[in-house]
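Dear colleague,

I am handing over the structure below, and after it I set out what was found. Please keep it open while you read, so that each residue can be located along the way.

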Amino acid sequence: MKSFLNTTLALTGFAAALAMACGGGSSSRESRLVEAECRRGEITVFGEAPIYTSVGTAREKARTDACRRAVSTCIGSEVAQASGTMDAQSIGSEIFTQAQGICRNDEVVEEEQYNLDTIKMLRLFVRFTVDPSDISNRIDTMQNLVGNPKVMVLIREEWNLPSGRRVFGFSSSQGKAAPLVRDYLVSKGYTVLDPGQIARRIPNEDAVAQNPTLLAESIKDAAAEAGADVLIIGHIRTFPQQIATTGPFKSCEVQGNVQAIALWGDGRVLAEYTEREAGAQVSDEGAAANGVTWWTVGKDDRRPSGFAPWIHNRLSLEWGAMTRNNQIKMRIVGMDDVERGIFLDDLKEATNVRSIDEVSYSQQETVWDVRYPGRSFALADTIGFYGDNPNIFRALRENCKTIRVTRVKRGEIDLEFVGGGCGG
């Protein structure tokens with residue numbers, strides 16, 4: 001009896017935080033409550049699912065729902081607060097596959113069934129027991145994953161030397177700039193992805209390096225599917241120059257143009273860097289190498305300058321704004337007028353969609369521009385998981401439908417309302 005009473009008190013105390021896990025804001029008191037529950041290592045949340053085929057199937061989905069809520073409240077909320085990007089729910093969807101390990105030890109403390117209109121629902125109250133240090137470690141790990149964008153670097157170098165031209169392509173391991181940029185960003189907490197497979201798919205590398213707008217959308221999609229959020233792409237060229245120097249020094253001029261392209265939404269250019277630098281050394285090749293290095297990270301290791309710290313500062317400014325207000329094109333078929341109005345409100349209340357602008361509407365298809373604090377795949381994951389739950393999406397109650405995600409790509413989500421809900 002004492003154990004059940006403690007459980008009941010825990011459920012009561014956690015109720016405010018649960019509201020945050022499925023849309024809606026959070027007060028500082030709720031945030032402190034979440035932190036206290038999670039840090040203590042005993043997390044009690046509820047999960048629910050409609051009973052369409054069997055109670056056993058609904059019970060497993062309700063357990064997963066509870067785990068998603070635990071990840072969102074215990075890790076997502078703290079990462080969101082610390083990083084200043086996205087929100088607890090969208091981060092929860094982003095990191096669920098990596099963070100669901102906190103749900104290993106679970107105990108169902110209460111189970112109930114209830115009717116929602118004509119639909120029977122199952123609700124489980126689940127207690128997850130975790131090592132508080134595990135929560136802390138995962139928060140640190142996920143903050144690194146979410147706090148900065150995942151970056152892929154494609155920089156082509158062309159050294160025009162008196163002895164001939166040397167080219168280091170996107171996939172070369174011999175260039176100077178790309179490794180320096182990667183190392184600098186890693187030191188700042190970024191995840192930097194290997195560009196090899198993507199680079200090898202670019203047929204017109206020279207033209208793309210000089211004009212990144214020529215990069216095919218299919219290549220951007222492939223980079224996004226590989227996990228990249230931002231593509232740093234461009235070129236650097238060196239040219240020998242004759243200047244008065246003391247001693248046997250050679251000199252060169254370095255010209256570079258590099259863009260940072262967002263792989264979310266419409267793929268806009270976040271930043272562009274066009275600068276010149278000079279290099280000097282006793283050999284022409286050494287002058288080119290030094291020039292590219294100085295262009296990238298400056299001449300003083302103790303106080304980096306040049307492109308690498310510049311792009312870090314620009315991404316720090318742009319990324320927070322972008323992740324709080326990502327634009328996603330959403331296409332929906334099979335939705336009637338009544339469902340359309342209800343589903344619009346559902347998205348705002350249940351998924352933390354910020355705003356919805358109607359682009360077009362017909363009996364065949366509805367197209368919306370959706371503003372969401374996260375990536376399209378995170379929103380699609382939430383919609384797909386709850387696509388049969390009429391308690392989350394009230395639009396499903398009207399005609400016993402479910403929502404199916406038919407396509408997700410960079411900045412786009414396609415949905416379909418289909419029959420077969422309500423146990424049919």
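In this predicted model, the axes of α6 and helix α10, which covers residues 284-297, come within 9 Å and cross at roughly 30 degrees. Angles under 35 degrees count as roughly parallel, and that makes α6 roughly parallel to α10. The crossing in which α6 passes α10 is right-handed. On the α6 side the contact is made by Ala177, Leu180 and Val181, and on the α10 side by Val292, Thr293, Thr296 and Val297. Sorted by class, the residues of this contact are five nonpolar and two polar, with no charged residue.

Helix α6, residues 177-187, also meets α11, and here too the axes come within 9 Å, although the crossing angle is roughly 45 degrees. The two helices α6 and α11 are therefore oblique to each other, and their crossing is right-handed. Val181, Tyr184 and Leu185 are the residues of α6 that take part, and they meet Phe307, Ala308, Pro309, Ile311 and His312 of α11. By class, this contact of α6 with α11 has seven nonpolar residues, one polar residue and no charged ones.

How do α10 and α11 pack against each other? Their axes are 4 Å apart, and the angle between them is about 25 degrees, so α10 and α11 are roughly parallel to each other. In this contact Trp295, Thr296 and Val297 of α10 meet Phe307, Ala308 and Pro309 of α11. The contact of α10 with α11 is made up of five nonpolar residues and one polar residue, and no charged residue takes part.

Two or more lining residues come from each of α11 (307-324), β10 (326-333) and β12 (366-372), and the largest share, four residues, is given by β10. By class, the lining of this pocket has eight charged, five polar and four nonpolar residues.

The structure holds three cavities of 30 Å³ or more, and the volume of the largest cavity is about 100 Å³. Which residues lie nearest the centre of the largest cavity? Of the ten residues that line it, these are Arg68, Ser72, Gln89, Ser93 and Tyr386. The elements that give two or more residues to this lining are α3 (55-83) and α4 (88-99), with the largest share, four residues, coming from α4. The lining of the largest cavity divides into five polar, three nonpolar and two charged residues.

With best wishes

Key
Residues numbered from 1 in each chain as written. Predicted model: local features only at pLDDT ≥ 70, side-chain atom pairs only at ≥ 80, totals over all residues. Heavy atoms only, no water. Nonpolar A, V, L, I, M, F, W, Y, C, P; charged D, E, K, R; others polar. Axes fitted to C-alpha atoms, helices over the stretch in contact; angles between N-to-C directions. Parallel < 35°, antiparallel > 145°, perpendicular 65-115°, else oblique. Left-handed = near helix turned anticlockwise from the far one by under 90°. Contact = heavy atoms within 4.5 Å. 1 Å grid on protein atoms, 1.4 Å probe; cavity = no way out; pocket = protein on both sides within 12 Å on 5 of 7 lines; lining within 4 Å. Points joined across faces, edges and corners; volume = space filled by probe spheres on them.
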